[in-house]
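Please walk through the following protein chain from its overall make-up to some local details.

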Amino acid sequence: MGNPNLASSQTEEKQSIPPPYSPPDPTPANQANISTSASRNGSIRPGDTVAADECIIHLKLLSTIANLRKFIKGTDRLFGIHDSEAKNFSDPRKQSQAVTRLEEKRWAVYVARAVDRFTVWWQTCLPNLDTRNISSLSKSEAKIAWPASMMPPLDVLMVWHAYMLNPRAFLEDCLRQSKMSVWATGMPWEAVNASIDDETFDFYPGKESKINFETQTGLHWNNLADSPTKSLLCSNCKHEISIIWTEGGLGCDPDVAFAHCTGYADKSLRYTCPTCKFRTTHDTLCIQKFRNDLQKLLKDDTPMPGTLLSATGTAIGDEDERDYGVSFPNRLIKDGIRSELLQATDLTQHESTILENIRDRLEGHLKDRSLIRRVNKSTLVPRNSNNSERISLRNMLSRYWENPSPFAINLIGAVIRQGTFLEKMDQIGWIRLSTVRSTMDHFIKKYGVFFQIISKNKGHAVVPTLDVDLIWHTHQLSPARYYSFSTTLTEGIFINHDDKVDEYKLNDAFAWTSKQYQKLTGGQVYSECICWYCSAVREAHTEGLSRLMSSSASQAKANAALLHEKAGNNTPHISSHNAVRIQAQIDPKVIEAQNAKLKSNWEKAQKRSRHSGNDGDMTGKPYTRDSNIHPESYPCNPVCVSTTSGAVGDCISGTYGAGIEQGACLSGPVAAQTRGRGKSFCAGIAGCGMNL
């Protein structure tokens with residue numbers, strides 16, 4: 001580690017906590033009186049979503065993580081990353097850019113270490129419960145009694161939090177890895193509340209939790225006190241090797257900062273084993289993960305990732321005829337090509353094997369109809385099942401592109417993409433309002449309408465505002481309750497909430513959602529923000545409503561006008577933490593027309609505002625992705641995907657455009673390719689909105 005003195009000095013309990021946060025709000029809420037009765041077993045009635053107390057505790061947790069993020073980013077020399085490197089640039093712009101890159105890289109390395117620590121905690125500290133009967137998990141005996149002494153460190157809790165906000169991936173992993181008691185229990189709100197100081201938002205659940213964590217995992221309570229290297233077994237000789245987390249050098253150009261670094265948390269990982277000279281890269285780690293899952297399937301009959309959930313996101317039975325195609329990869333491997341795949345993924349014999357090779361092999365076998373008929377020997381096989389077979393194979397492969405972890409998604413990216421949401425929650429400061437509980441009650445009611453829009457418009461992307469997204473996130477942190485509510489309201493569909501969506505499509509989907517909200521509520525305002533973007537969106541659909549239902553349109557205009565009188569810094573904007581840049585053939589004319597339409601509507605709204613006596617000063621940013629995420633700082637790019645036909649992430653030809661992958665937020669292309677190292681993953685990991 002770049003600063004061992006810093007790491008050693010922070011092994012003490014309180015020293016590992018970021019500095020206290022001083023809220024600017026002059027009337028903070030009395031958080032010491034927060035009640036957690038709503039989080040106790042049985043206190044949420046069937047059909048309810050969340051309780052206001054749960055949302056308040058969630059806000060406390062978000063503030064605590066936001067403080068941690070600031071602390072890590074701003075700690076000079078952490079992980080050998082020195083602020084002084086920025087002084088190497090004479091150009092003030094590049095110097096400022098370099099400072100931003102240095103801070104971001106510290107956080108990127110810290111998150112990579114946190115994900116590694118979470119993996120150990122997940123595998124060693126959490127109880128196992130192997131069941132496919134989800135309905136039985138509502139019983140209290142399936143849940144974990146979670147005292148504060150079971151709480152992990154904040155960095156581990158942060159990863160778990162981001163993980164559960166990908167509900168289908170979380171359910172799949174809990175099924176595969178026998179963690180269904182964790183799924184049934186969800187976030188232990190009472191223990192979380194007891195672990196966070198109400199005034200400073202310091203996190204410390206007590207000495208017993210620290211002892212338990214360190215004893216069971218062999219790790220330090222403090223992330224920064226753990227080793228500066230990552231230990232793992234060489235894929236070739238099986239000897240233990242130690243790879244530095246990051247080389248830490250900024251490089252000579254901030255635009256490609258850290259791209260050359262070869263540490264475990266760096267983009268260009270390369271490590272040569274001193275014993276056998278085998279080279280470990282991110283590619284070899286992904287192949288090793290695939291091989292491990294192959295062996296589990298053949299030895300223990302553990303299904304491959306991506307083969308447990310139906311197209312609607314629900315768990316499938318072994319003999320479910322409707323979803324027989326979902327389990328096709330398991331049959332193909334076990335009864336058709338097991339020996340071939342085991343040989344191809346043996347890195348001791350085929351060191352150069354990469355996932356593209358595996359994809360090409362699978363695609364080739366799909367053309368062998370005699371093989372497919374032999375594999376599908378059951379009478380349950382439907383006619384013309386070829387497309388479902390391709391899609392199921394591609395869902396399986398999506399778990400491996402750019403993801404060497406044992407989970408269905410890359411958790412580093414999941415945590416990083418939550419950064420924008422953390423910042424917004426911290427800036428808005430709802431947790432510091434004296435009216436925080438009534439504010440949450442209002443948001444919960446608004447979330448109810450949001451879910452009505454989802455249930456009434458299957459197949460359409462529905463985009464949340466920040467207040468709705470807070471409640472949505474809170475709901476998902478009780479997975480069993482969210483599953484029951486979601487599948488009941490939508491007649492069997494488990495609504496996903498992954499975190500990748502094309503920022504250009506996000507605009508149209510948000511405008512549509514806003515219009516639907518006003519229709520259902522008789523003209524109530526969806527986005528209460530007065531920035532130019534939200535004002536332009538309101539202006540557009542207010543005009544549209546006037547042609548259809550004048551009373552709602554008039555009420556909507558009146559409500560919109562009132563926003564300027566009561567608006568402050570805590571008004572809900574569109575939630576854009578999930579916005580990513582789609583690298584495909586985007587027609588510039590389409591983007592230009594979209595921007596021109598927004599500008600025209602904004603000018604109309606501004607004119608209306610001035611006519612009403614307001615100053616018309618509408619500022620702010622619309623839906624763009626997080627500009628503070630720099631792809632070169634990560635092993636994979638968290639905020640950029642490509643839907644170019646024929647890209648690696650298409651996985652299996654013929655599935656492009658199927659639009660039914662688990663977690664797609666918008667209809668249309670379903671394959672995605674990350675830029676950077678040129679490798680990719682399927683867009684089964686998508687964004688804030690859903691494709692039913």
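Helices (H or I, at least four residues) and strands (E, at least two) are taken here as DSSP runs, numbered from the N terminus. On that basis the protein chain has 22 helices and 9 strands. The model is predicted, so local features need pLDDT of at least 70 and side-chain atom pairs pLDDT 80 or more, while totals for chains, interfaces and linings use all residues. Residues are numbered from 1 along each chain as its sequence is written, and side-chain values use heavy atoms, without hydrogens or water.

Burial is judged by relative accessible area: under 20% is buried, over 50% exposed, and in between partly exposed (1.4 Å probe, protein chains only). Of the 692 residues of the protein chain, 60% are buried. A contact means heavy atoms within 4.5 Å. Among contacts in the protein chain with a separation of 6 or more, 76% join residues 24 or more positions apart.

Helix α4, residues 154–164, is mostly covered, with 11 of its 11 residues buried. Among them are D155, W160 and H161.

Helices α2 (residues 52–73) and α3 (residues 92–124) pack with their axes 8 Å apart, at an angle of about 120°. Axes are lines fitted to C-alpha atoms, for helices over the stretch in contact, and angles run from 0 to 180 degrees between N-to-C directions. That angle makes α2 oblique to α3; under 35 degrees would be roughly parallel, over 145 roughly antiparallel and 65 to 115 roughly perpendicular, with the rest oblique. On the α2 side the contact is made by L68, R69, I72 and K73, and on the α3 side by E103, E104, R106, W107 and Y110.

Strand β1 (residues 229–233) has K230 and L232 on a covered face and T229, S231 and L233 on an uncovered one. In a regular strand, side chains alternate between the two faces of the sheet. Strands count as paired if DSSP finds at least two bridges between them. β1 pairs with β2 (residues 240–244) in the antiparallel sense over 5 bridges, and S231 has S242 as its bridge partner in β2. The hairpin of β1 and β2 has 6 residues between the strands, and K238 there takes a positive phi near 70°.

Two further residues have positive phi. F201, in the loop between α7 (189–195) and α8 (207–217), has phi near 65° though it is not a glycine. F201 is buried, at 5% relative accessible area. E491, also not a glycine, has a phi of about 60° and lies in the loop between α18 (479–489) and β5 (501–502). E491 is exposed, at 72%.
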